[in-house]
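Here is a short briefing to read alongside your model. Have the viewer open and follow the points one topic at a time.

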Amino acid sequence: MLTLLQHSPAFFISLAGLLGLLVGSFLNVVIYRLPRMMEREWQAQCAELNAQPATENTPFNLMVPRSACPQCHRPISALENIPLLSYLFLRGRCAGCATPISLRYPIVEAVSGGLSAFAAWHFGFGLAGIAALFFIWALVALTFIDFDTQLLPDSITLPLLWLGLLLNLNGAFTSLANAVVGAVAGYLVLWSVYWAFKLFTGKEGMGFGDFKLLAAIGAWLGWTLLPLVILLSSLVGAVVGIILIVATRHGRNIPIPFGPYLAGGGLIALFWGHSLTQSYLQLLAP
């Protein structure tokens, strides 16, 4: 198997794409359940501080209870959980009550599978190619969680940061020195923006999860790509924000999650960061 992966790029790409689809199905569970797990934990902590009994005692985690239709509570069988194919076979509806299934589920699976296959093609079989898969899966989960809840869970961002530093012990994407400086700089840059905005306006412009996410991206890609990540995420975030305000009458005081744009900038930097930076520096050269 190892020899086949090393000498057959097509096999590695296909395997990575298939694995991405399967992981994407699991990411749908993470996206839905992890914020609710956090809320239950917070409620339990508040109840403990107030010497009150816990309001929720039934097990609820990424494995329990079994996935079911939110409308009719019919358990989802294994055959109904095949990435993309089950959605097409069921025509986007629950087999029990015919309630429409959110398009979000096949989108997450397709994005995860497509990006995984592209990473396998871009990096080839090796440490960088395999590590890139975990980077992609974490960013996909964080993107959709932040869209839904405006939360970036520490249970994803902090392990992602430490994993980036460990991988770069062997220079998977950059040197260890660049990775360490990238982690520190990524956190401090947004931390400084946060406090500057708060001092001038009295409001919080972003959450602490954004600091940790940019620190994680810096730990993976190094400090030299952080300007590109910040520039790309800021431009896309500003454009999307203006479109939301103009087209959908999105209130200016309603916060817009910044994590998805950081994740998008991180993915672009992962694949094309160095070439984009070199092109930019060549344009500035006399």
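In this predicted model, helix H2 (residues 9-49) meets helix H4 (residues 104-123) through a set of contacts that includes Phe12, Ile13, Ala16 and Gly17 on the H2 side and Arg104, Tyr105, Val108 and Glu109 on the H4 side. The residues of this contact divide into 13 nonpolar, 8 polar and 2 charged.

**H2 and H4**
- The two helices pack at an angle of about 145 degrees, and their axes lie 7 Å apart.
- H2 and H4 make a right-handed crossing.
- Also among the contact residues are Gly20, Leu21 and Val23 in H2, together with Ser112, Gly113 and Ser116 in H4.

**H7 and H8**
- H7 packs against helix H8 (residues 208-221) at an angle of about 155 degrees, with 7 Å between the axes.
- Because that angle is over 145 degrees, H7 is roughly antiparallel to H8.
- H7 passes H8 in a right-handed crossing.
- The H7 residues in this contact include Asn178, Ala179, Gly182 and Trp191, while Phe208, Asp210, Lys212 and Leu214 are among those in H8.
- By type, the contact residues of H7 with H8 are 11 nonpolar, 4 polar and 2 charged.

**Thr174, in a loop**
- You will find Thr174 in the loop between helix H6 (154-167) and helix H7 (176-201).
- Is Thr174 buried or exposed? Its relative accessible area is 11%, which is under 20%, so Thr174 counts as buried.
- The side chains of Thr174 and Asn178 are joined by a polar contact of 3.3 Å.
- Beyond its neighbours within four places in sequence, Thr174 is in contact with Asn168, Ala179, Trp220, Leu221 and Gly222.

Note on methods
Residues are numbered from 1 along each chain as its sequence is written. This is a predicted model: local features need pLDDT of at least 70, side-chain atom pairs count only at pLDDT 80 or more; totals for chains, interfaces and linings use all residues. Side-chain values use heavy atoms; hydrogens and water are left out. Helices (H or I, at least four residues) and strands (E, at least two) are DSSP runs, numbered from the N terminus. Buried means under 20% relative accessible area, exposed over 50%, partly exposed in between (1.4 Å probe, protein chains only). A polar contact is a pair of N or O atoms within 3.5 Å; within protein, one must be able to donate a hydrogen and the other to accept it, and residues adjacent in sequence count only if both atoms are side-chain atoms. Contact means heavy atoms within 4.5 Å. Axes are lines fitted to C-alpha atoms, for helices over the stretch in contact, and angles run from 0 to 180 degrees between N-to-C directions. Angles under 35 degrees count as roughly parallel, over 145 as roughly antiparallel, 65 to 115 as roughly perpendicular and the rest as oblique. A crossing is left-handed if the near helix is turned anticlockwise from the far one by less than a right angle, and right-handed if clockwise. Ala, Val, Leu, Ile, Met, Phe, Trp, Tyr, Cys and Pro count as nonpolar, Asp, Glu, Lys and Arg as charged, and the others, Gly among them, as polar.
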